[in-house]
Amino acid sequence: MTQQTDSQQLTSQQLLACIESRQSVGQLVEPAPTQAELEQALQAALSAPDHHRLRPWQFLQVQGEGREALGQIFLQCMQESGVADATRHERVLAQPLRAPLILMAIIKTQPHPKVPKVEQVLSMGAAIENLLLMLNAQGYAAIWRTGEMAESALFRQKIGLKDDDEVAGFIYIGTAARQLAPRERLPVHDFLKDWPVSLP
Ligand SMILES: Cc1cc2nc3c(=O)[nH]c(=O)nc-3n(C[C@H](O)[C@H](O)[C@H](O)COP(=O)(O)O)c2cc1C
């Protein structure tokens with residue numbers, strides 16, 4: 001007899017509909033997920049494929065006044081890089097206020113004889129997608145952003161990253177400010193090819 005698991009309670013069509021309904025949303029407002037909902041979404045993230053169980057995932061949770069502190073760091077990094085334009089300063093200060101909750105996704109990479117860094121990075125990509133899907137299923141919206149700060153040495157230093165750490169991105173999370181048009185469905189056959197190609 002086949003073992004009945006929780007995952008089998010959802011049909012594959014329902015799961016596909018849930019996955020396809022996820023869309024990135026830039027305009028995010030309150031409410032953010034509760035802490036319990038966020039932890040459930042992170043639980044999904046932590047079930048990502050992970051070669052040799054290196055668990056290269058860390059999420060730094062930023063909310064409330066923490067977002068202003070993050071904006072100040074963004075500003076310092078921008079000033080340090082020589083940008084003197086006041087309009088850009090204001091814009092960067094306001095960036096973290098675009099959502100009630102931000103997760104900074106940090107890839108804790110480590111040298112490993114069998115798991116190159118790229119595999120650890122890919123694992124974080126899978127973890128973030130799991131997170132986004134679970135947030136979507138909970139009725140929240142999000143967008144994965146990177147930008148200059150993800151690469152800034154000063155930013156890395158200010159948030160206390162180690163040499164092997166990488167910023168996978170900033171996951172802005174909240175409730176969609178407005179409804180979005182459904183996403184375009186891509187034709188699978190544009191992305192799937194037979195191999196080896198049959199000879200004439
Ligand atoms: C690694 C990564 C970094 C991204 N960085 C940004 C970004 O800095 N700003 C942005 O507007 N979108 C960024 N995006 C794109 C959005 O997250 C989103 O995937 C894209 O707008 C497509 O929308 P969809 O998720 O609704 O398909 C990034 C996506 C990925 C995967």
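Reader: Which residue has its backbone oxygen 2.9 Å from a polar atom of the side chain of Gln 120?
Author: Quick ground rules: this is a predicted model, so local features need pLDDT of at least 70 and side-chain atom pairs count only at pLDDT 80 or more, while totals for chains, interfaces and linings use all residues. Residues are numbered from 1 along each chain as its sequence is written, and side-chain values use heavy atoms, with hydrogens and water left out. A polar contact here is a pair of N or O atoms within 3.5 Å; within protein, one must be able to donate a hydrogen and the other to accept it, and residues adjacent in sequence count only if both atoms are side-chain atoms. At 2.9 Å from a polar atom of the Gln 120 side chain, the backbone oxygen belongs to Val 115.

Reader: Is Gln 120 buried or exposed?
Author: Buried means under 20% relative accessible area, exposed over 50%, and partly exposed in between, using a 1.4 Å probe and protein chains only. Gln 120 sits in helix 5. Because its relative accessibility is 1%, Gln 120 counts as buried.

Reader: In what order do the elements of the protein run?
Author: Helices (H or I, at least four residues) and strands (E, at least two) are DSSP runs, numbered from the N terminus. The secondary structure comes to six helices and five strands, and the C-alpha trace spans about 60 × 45 × 40 Å along its principal axes. Reading from the N terminus, you get α-β-α-β-α-α-β-α-β-α-β.

Reader: How much of the protein is made up of buried residues?
Author: There are 200 residues in the protein to share out. One of the buried ones is Asp 165 in strand 5, which has a relative accessible area of 3%. Across the protein, the buried share comes to 36%.

Reader: How far apart in space are Asp 165 and Gln 58?
Author: In sequence, 107 residues separate Asp 165 from Gln 58. In space, C-alpha to C-alpha, the two are apart by 9.6 Å.

Reader: On to the ligand: which residues surround it?
Author: A residue makes this list if one of its heavy atoms lies within 4 Å of the molecule. Sorting by class, Ala, Val, Leu, Ile, Met, Phe, Trp, Tyr, Cys and Pro count as nonpolar, Asp, Glu, Lys and Arg as charged, and the others, Gly among them, as polar. The shell then divides into two nonpolar, four polar and three charged residues. The names are Arg 22, Gln 23, Ser 24, Ile 143, Trp 144, Arg 145, Thr 146, Gly 147 and Arg 183.

Reader: How much of the ligand's area does the protein bury?
Author: Taken alone the ligand exposes 610 Å². These areas come from the Shrake-Rupley method with a 1.4 Å probe, and for residues only the protein chains shown count as cover. Of the ligand's own area, the protein buries 53%.

Reader: Is Trp 144 buried, exposed or partly exposed?
Author: Trp 144, one of the residues around the ligand, is found in strand 4. Because its relative accessibility is 36%, Trp 144 counts as partly exposed.

Reader: Which element gives the largest share of the lining of the largest cavity?
Author: On a 1 Å grid over the protein atoms alone, a cavity is a set of points where a 1.4 Å probe fits but cannot get out, and lining residues have an atom within 4 Å of a point; points are joined across faces, edges and corners, and a volume is the space filled by probe spheres set on the points. The count is one cavity of 30 Å³ or more, and the largest has a volume of about 50 Å³. Its lining includes Arg 22, Gln 23 and Tyr 140, and the elements giving two or more residues are helix 5 (117-137) and strand 4 (141-145). The largest share, three residues, comes from helix 5.

Reader: What is omega for the cis peptide bond joining Trp 195 and Pro 196?
Author: Another cis bond runs from Glu 30 to Pro 31, with omega near 0°. Pro 196 lies in the segment after strand 5 (165-176). For the bond between Trp 195 and Pro 196, omega is about -5°.

Terms used. On a 1 Å grid over the protein atoms alone, a cavity is a set of points where a 1.4 Å probe fits but cannot get out, and a pocket is an open set with protein on both sides within 12 Å along at least five of seven lines; lining residues have an atom within 4 Å of a point.
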